[in-house]
Amino acid sequence: MLQMVLIGIGAGAATALLFASVASGAVISILLFYLAPLPILIAAVGWSHWAALIAAVTASAGLAVVFGGTFFIAFLLGIGLPLTIAGIGAGLLAGWAVDAVYRRSHLASSLYGTVSGALGG
């Protein structure tokens with residue numbers, strides 16, 4: 001649980017910094033702005049949707065401290081919540097894919113054992 005909280009805080013801080021980089025006015029900051037949601041998605045798929053939710057709240061709070069309170073609600077509802085929901089879907093999809101591969105490999109190994117036993121091998 002502690003690891004998930006720390007990952008969420010780290011991903012939220014990274015997201016807030018990437019998102020806030022556009023305020024510098026540099027050309028490269030546009031690329032960083034577009035990559036800002038990536039740490040939340042990595043936290044969601046790699047750990048849990050709870051880590052993504054913690055990351056979204058952390059990023060929103062960080063942006064609210066620097067840019068004002070309206071950024072908290074705007075970032076949380078506009079970026080954080082949809083990414084958390086997408087992370088839930090991606091995590092479920094990854095779990096289903098792993099389960100399907102496991103079942104297919106288990107089926108293949110059981111069929112191989114049946115065929116090789118019937119052939120006397």
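## Thr84 in helix H5

Thr84 lies in helix H5, which covers residues 70-118. In this predicted model, Thr84 has a relative accessibility of 6%, and because a residue under 20% is called buried, Thr84 counts as buried.

What is Thr84 in contact with, leaving aside its neighbours within four places in sequence? Its partners are His49, Ala52, Leu53 and Ala56. The side chain of Thr84 also has a polar atom that lies 2.8 Å from the backbone oxygen of Gly80.

## Helix H4

Helix H4 runs over residues 49-67 and has 19 residues. From its first C-alpha to its last it reaches 26 Å, which is close to the 27 Å expected at 1.5 Å a residue. The buried residues of H4 are Ala51, Ala52, Ala55, Ala56, Ala59, Ser60, Leu63 and Ala64, and among them Ala52 and Ala56 are in contact with Thr84.

After H4 comes Gly68, whose phi is positive, near 120°.

Which residues of H1 are buried? They are Gly8, Ala11, Gly12, Thr15, Ala16 and Phe19. These residues cover an arc of only 135° around the axis, and therefore they are on the same side of H1. An α-helix has 3.6 residues a turn, so residues three or four places apart point the same way. On the other side of H1, the exposed residues are Leu2, Gln3, Leu6 and Leu17.

Val5 is also found in helix H1. Although Val5 and Trp47 are 42 residues apart in sequence, their C-alpha atoms are 10.0 Å apart in space.

For the protein, the mean pLDDT is 82, and 79% of the residues reach 70 or more. Where is confidence lowest and where is it highest? Confidence is lowest in H5, at a mean of 71, and highest in H1, at 94. Where pLDDT is low, the predicted coordinates should not be read in detail.

Key:
Residues numbered from 1 in each chain as written. Predicted model: local features only at pLDDT ≥ 70, side-chain atom pairs only at ≥ 80, totals over all residues. Heavy atoms only, no water. Helix = DSSP H or I, 4+ residues; strand = E, 2+ residues; numbered from the N terminus. Expected span 1.5 Å × (residues − 1). Buried < 20%, exposed > 50% of the residue type's maximum accessible area, 1.4 Å probe, protein only. Arc of directions from axis to C-beta. Polar contact = N/O pair within 3.5 Å; in protein donor to acceptor, adjacent residues only side chain to side chain. Contact = heavy atoms within 4.5 Å. pLDDT = per-residue confidence, 0-100.
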